[in-house]
Amino acid sequence: MKIFENPKRVLVTRQFEQSGSFVNLLSAKGHYPFLLPMIETVQLCPVIEPGEYEIIFFTSANAVKYFAPYHHNIHGKAYIALGEKTAHAMEVFLGISSHITPTVYDLNNAMQIIYSIPLKNARILSPGAEKRLELPVEQINEMGAELITPAVYETTFAEYPAGYLDSFIVDNKIDTVTFCSPSAAKSFLRQFNGDKSLLDIVSIGTTTALFLDKQGVISRYPENFTVESMVEII
């Protein structure tokens, strides 16, 4: 039997359907994963004008998943996926490949790529969550393009009975908490009343880490913003 050094008891706060690979990777490293989703996503039904867009830009796998029902009459000359997971979701849900995939999950990096494309009179479609990373609408408009950002889903907090989260942490002897989005982190902080300084908090990347920092919570994050890289630093 293989003996692992310094196994951790890790709280995974992703949704059930997105946690399988994360849980398996943690287990393969000898850690003990505990799944307690902090957020849920719900389909919305916006009206999106059919036709062709110069660019369709996805910032998350969920954005691709919830946009999929519209894809039969909406097409892009170019598709851009923010991150490899989003690009993979395009292949699964839309049956197409991303033309451009920034390898680092960073919105500013992706926008620099978009700015390098001639945008005059271009229509850019970026479906996503009702509340999400702010896109530079004014700057894109100044370049002569129109940015359309329909909300195809909303993220809601997973609510647990008062004191449940604190008991879950204590009873399962959790020492490491992971967050893959600011929303999951926000939901956790709203419901956790224990001493956060006693927990090793690992974020997937800078966006989530910056949110936590503004709440006075220190977290670590990997160089590459993926769950695979998160596991490597746990």
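Predicted model: local features only at pLDDT ≥ 70, side-chain atom pairs only at ≥ 80, totals over all residues.
Colleague: Good to know. Which residue forms a salt bridge with Glu232?

Modeller: A salt bridge here is a side-chain nitrogen of Lys or Arg within 4 Å of a carboxyl oxygen of Asp or Glu. The partner of Glu232 is Lys29, with 3.4 Å between the closest N and O atoms. Lys29 sits in the loop between α1 (20-28) and β2 (32-35), while Glu232 belongs to helix α9 (residues 227-233), so this bridge ties together parts that are 203 residues apart in sequence. Lys29 itself is partly exposed, because its relative accessibility is 39%.

Colleague: How many salt bridges are there in the whole structure?

Modeller: The search finds six. Another one joins Arg123 and Glu49, at 3.5 Å from N to O. Here too, distant parts of the chain are linked: Arg123 is in strand β6 (residues 123-125) and Glu49 in the loop between β3 (39-43) and β4 (51-58), 74 residues apart. Arg123 has a relative accessible area of 18%, so it is buried, whereas Glu49, at 52%, is exposed.

Colleague: And which residue meets Arg190 in a salt bridge?

Modeller: That is Glu159, at 3.0 Å from N to O. Arg190 lies in helix α7 (residues 182-191) and Glu159 in the loop between β9 (151-157) and α6 (164-171), so the bridge ties together parts 31 residues apart in sequence. Arg190 is partly exposed at 46%, and Glu159 is exposed at 52%.

Colleague: You keep naming helices and strands. How many does the protein chain have?

Modeller: Both are DSSP runs numbered from the N terminus: helices are H or I with at least four residues, strands are E with at least two. The protein chain has nine helices and eleven strands.

Colleague: Where does Val42 lie, and which residues does it touch?

Modeller: Val42 lies in strand β3 and is partly exposed, at 37% relative accessibility. A contact means heavy atoms within 4.5 Å. Leaving aside residues up to four places away in sequence, Val42 touches Tyr66, Val152, Tyr153 and Glu154. The C-alpha atoms of Val42 and Thr155 are 6.6 Å apart, although 113 residues separate them along the chain.

Colleague: What percentage of contacts in the chain join residues at least 24 apart?

Modeller: Among contacts between residues at least 6 apart in sequence, 61% do. Buried residues make up 46% of the 234 residues.

Colleague: Last one: what is the radius of gyration of the protein chain?

Modeller: It is taken over C-alpha atoms, and the globule rule is 2.2 Å times the number of residues to the power 0.38. For 234 residues, a compact globule would have a radius near 17 Å; the protein chain has 19 Å, which agrees. Its C-alpha atoms fill a box of roughly 55 × 40 × 30 Å along the principal axes.

Methods: Residues numbered from 1 in each chain as written. Heavy atoms only, no water. Buried < 20%, exposed > 50% of the residue type's maximum accessible area, 1.4 Å probe, protein only.
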